[in-house]
Structures are given as structure tokens and as C-alpha cells.
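Visitor: Can you walk me through this one? I'd like to ask as we go.
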Amino acid sequence: MRWLRRNLVGIVGIAVLVYLFVPIAVIMVLSFNKPSGKYNLTWNEFSLDAWTNLCGVPGVCSSFVTSIQIGVISTIVATVLGSMIAFALVRYRFRGRSTTNLLIFLPMATPEVVMGASLLALFLNLRFPLGEGTVIIAHIMFIISFVVVTVKARLQGMDPRLEEAARDLYANPRAVFRYVTFPLVLPGIVGAALLGFALSFDDFIISFFNAGTLVTFPIYIWGAAQRGIPVQVNALATIVFVVALLIVLTAQFVNQRRRRSLATSVVPADALPRS
Amino acid sequence: MVAVVPAAGRASSTPSAQKSSRTGYLLLFPGIAWLAVFFAIPFVTLFLTSLQKPIEGQSGRYAVGLEFGNYASAMAEYWPLFVRSFVYAGIATIIALVIAYPLAYFIAFRGGRWRSLLLVLVIAPSFASFLLRTYAWKTILADEGIITSTLNALHLLPDGRILNTGIAVVAGLTYNFLPFMILPLYAALEKIDPRLIEAAGDLYASPATAFRKVTWPLSMPGVVAGTLLTFIPAAGDYINAALLGSTGNRMIGNAIQINFIQFRDYPTASALSFVLMAIILVLVFTYIRRAGTEDLV
């Protein structure tokens, strides 16, 4: 009883973690299913059909590729624009700081349906043709804020003494940036880009409003939900999940080793940012 | 111990070290311009669209107007959906807070060297498609499924089923936005010095009192950020209502989407979006006032 009380938080915590993975397990298990009707909702019979024939259903793979394209382009642009803003916010003084902060905070506090609708209202009034271009514009818009927040946190967590030391050793501003600041901020920028890609790849609501006839992977799933989602979609989602998890775990591992080797070789451990 | 030392070094990165030059504005300009053109200005066009009037004889075409009556007619038709959205989102947020707190607490205070791995596990489910995860709840909550039949055996379900009821929609909302609750809670809890909680114990506070008087107040910034980050997307969501609910569980997002894309009734859809945004902003600002955390960014 005493043991139970002491470990109650742990037990509930682990239970919540397991709960988070229940739908993932369902998605994975059903990717090996051979549904009896058109809906892949209940287990019927083991089959590898979806895995051996990933692009077997028309539209699945093309929408998947479209989503990757959109994700890559929007992530690159948003990461550059967002990192620049983060640098300006942390390192420079300028007028209109509170308006800038508000403009960065609001997109994260606005329901997607409102952002999607208002952007569509703009495009409709301008008679701007909907398609891949408008979806990319929309994605860049909502990713920027997340990039700013992530990169800004990294910049603020940096020990200013490392840059001071470089200046003391007669590095010119460009060299300080090239050899000290940038390498230290890079993990934050990479993290922001990964987050941005994940947000773009999985976005449905804003994309659906501004896509016109374009079909992204989530839009494909939405359309298929009415007439039965093909098993291939589950297989592709499983692949995306595993690949993303591997990338994040590798990043974690590299980061930890880097920090450990840095800590032992260059600077005392307590001088390094904790994040 | 750890917290004290770097803080002294960090002080020099505040404005004194900041440069004031044209570079700052140049760095700022492209991104801010993007947000101004594609986030701020669309609100103006949204408002103007909400006041447009139909052109007679041409369905789906509208002319510039000042039809404030659009708001009255949109609200008259859809106010129950507004109420339902905020009720569903409110319940989902409270449940999310209750189940997220123990996990965030566990990671922050008992996680040890597994902390970052546990945090990866919290966000990992988001790597699988949002729509597909929501769809998976159809399988989990199915009428013949374990959950539904168990609850039915205990006579706990008023309708005898979960799927296609409000319960399924709230369950979906709670699940989908749970990581947005866990992460800010963790960030706030992680900053708490465990010695403060120990001190409360040393001064004969029971664990419950120590939690109520020390841990909970100190975690307040995380509670505020988490509830906002859960409530706002939940209130505007229509995927859960569309996939897990019936026509009787439609939320305001469903109405906006259908009016915009199917009916091409742009003024009504714009009016609804504008009202939704206004209500959310008012709620957010009163909530932040009352909860007392001003700096969110």
C-alpha cells in the first residue's frame, strides 16, 4: 500500500504514456489487415498486401509525394525567415518590439479553421488561383512562429561568454558567427526545421481551405475516410512514424554525446546551456 | 545549485549587449512582412467578406457591402454550435489537465536521465497522421469493442454506445491535444527547485498541502499555457466532430468549413470565423488576467 502510494505518480504517468500510443498501435496493426468490407476498422485476416504494394491504390503515393514537396519547400523558407527574426529579437534593438511579438504569438493562438478561412477569403477576393502555391504560402505563414520560438529559446540559452571569449581571442564578427554562434545555434535551427516539416506534412485544416483541387496526403485521407481508407495509408503512416521517431532519437543521441564530449574537452560542464 | 551559476553569466545577454543597427530591421523584415501579408491582412479581408452581399442571379458571387445583418443571421442559425464547441473544448481541456499533470510531474521529478527520451515519447504519437489517429479511435470505441461493451455492462452509457456521440468527440479532442498540455506543464514543473517541496515537508506540510501550497502555484505558468494551447485548437477543431460524432455533435469549425467550401456562402462563413476569433481572444485575455501570467512568448 505504501509502495503504491509512493509510486502512484509513476504508475499514472506510464499509463498516460501508454494511452498516447494506443491509436498508433491500432494504425500499425491494421496495416497488416485484409479488411472484409470497404472500411479498414476491424481485424479480419493477416495480409502483407499493403506493404508489398504500397502504391497499389491510385492517388495514395502521388498525394504522399505532394505533401513531401510542400513540406520541404515551406520548411526551408520558414526556417530561414523565422531564424532571422529570432536573431533580430535576441540580438538587436528595434522599434515596434511588442507589435512584432504579437504578430509572432497570434498565429499560434489562432484556431486553424480561422487562419484557413481568412487566407482563403484573401485569395478569393484577389481572384488568386488556388493550388500548390497557396498551400505553400499558408504553410510558411503558420510555421514561421514555431521556428522563431524554437530558435529564440536556443539563442537565449546560449552562454554569452563563449562568444566573448572568441572576441577576446581577436575573432572578427564574421568569424565569431561562423565558428561559434552558428554551430551553437544549429541544433535549434535543425530542431525547428524538423518541427516545421512535421507540422506542414500533417496539416489538414489550413491546407484543405486553400488547396483548390490539389490533393495532399491528409486531404487524401479525409476524402478516403468517407468511402473507406485503403490499407496502404496505414502502411505509409507507419513508415512516416518510424522514420520520424528514428530521426528524433538519433538527434537526441548525437546531441547528448556532443554535449558530453564538449563538456569534458573544452568547457566546464556548468558553463553549458542546460537545454 | 545548477540554476544559480549560469544566471550570473546570462545577465549580460540582455539589452546592454544588443546592437542597434539596420541589420536588425533587415533580419526582421522578410518574415514579418510575410506574417503581415498572409496572417494580419487576411483578417481585414475576412471582415470585409463577412459584410458582403450576394449578387442576384449569380450564386457564389458577392459584392462589396456593409451587411451587418450577416452576423445576426449567422448567429441565429449557428449559436448552438458555438456553445457546443466551447463546452466540448472546455471538458476536453479539463480532462487533459488532469491526466497530463501526473505524467509531466513524473518526467520532471522522477525522469532522471530518461527525461529527454520520455519527452520524445510524448511527442512521438504526433508523427503519425492526425487524421489517421483520430480515425483509429473509431476502432477503439467501436460498438462491439472492449471499452464500449465493458461500460455497457456497467450501465454507464446513456446511449448504449460511444461512437457517434458527444463522448467520442470529447475523447478524441482530449487525446489529440494532450501533448500540448503535457509539454508546457513539464517546462514549468522542471523549473521548480525540488528543495522547495522538501522544505514544505520539513515544515510538517502533508504531501497534499505541499502540493496545494507549493507545487501547484509554482506550476501555474505551465497550467495557463497548457490550457490555452489545448483549448484554442480544440474549440476550432472539426475533424474529431466529423469523424467520431454524428450530425448532432457538429462544432463551429464544421459550420465554417461547410459554408466556405460546400455552400460557397462566404459572408456567413467569414462572419462565423470572425466571431469565433473574437470570442477566443476575449476568453484568452480574461483568462490570462485572472490567472496572472502576462508574458507568454
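Visitor: How many residues of chain B are in contact with chain A?
Guide: 82 residues of chain B are in contact with 72 residues of chain A; contact means that C-beta atoms, placed from the backbone, lie within 7 Å. This is a predicted model: local features need pLDDT of at least 70, side-chain atom pairs count only at pLDDT 80 or more, and totals for chains, interfaces and linings use all residues. Residues are numbered from 1 along each chain as its sequence is written, while chains are lettered from A and ligands numbered from 1 in the order in which they are written.
Visitor: Which helix gives the largest share of that side of chain B?
Guide: Helix H2 (residues 22–50) of chain B, with 20 residues. Helices here are DSSP runs (H or I, at least four residues), numbered from the N terminus.
Visitor: New topic: why is H6(A) called largely enclosed?
Guide: Because 12 of its 14 residues are buried, meaning 20 or more other C-beta atoms lie within 10 Å of a residue's own, all placed from the backbone. Among them are A:Glu112, A:Gly116 and A:Phe123.
Visitor: And what comes after H6(A)?
Guide: A:Arg127 follows, with a positive phi near 55°.
Visitor: Which residues touch the most others in the largest nonpolar core?
Guide: Of its 151 residues, A:Ile85, A:Ala117, B:Ala104, B:Ile182, B:Leu185 and B:Leu272 do. Such a core is a set of buried Ala, Val, Leu, Ile, Met, Phe, Trp, Tyr and Cys residues joined through C-beta atoms within 7 Å.
Visitor: What does B:Leu185 touch?
Guide: Leaving out residues up to four places away in sequence, its contacts include B:Ala100, B:Ala104 and B:Val223.

Technical notes:
Two residues are in contact if their C-beta atoms, placed from the backbone, lie within 7 Å. Helices (H or I, at least four residues) and strands (E, at least two) are DSSP runs, numbered from the N terminus.
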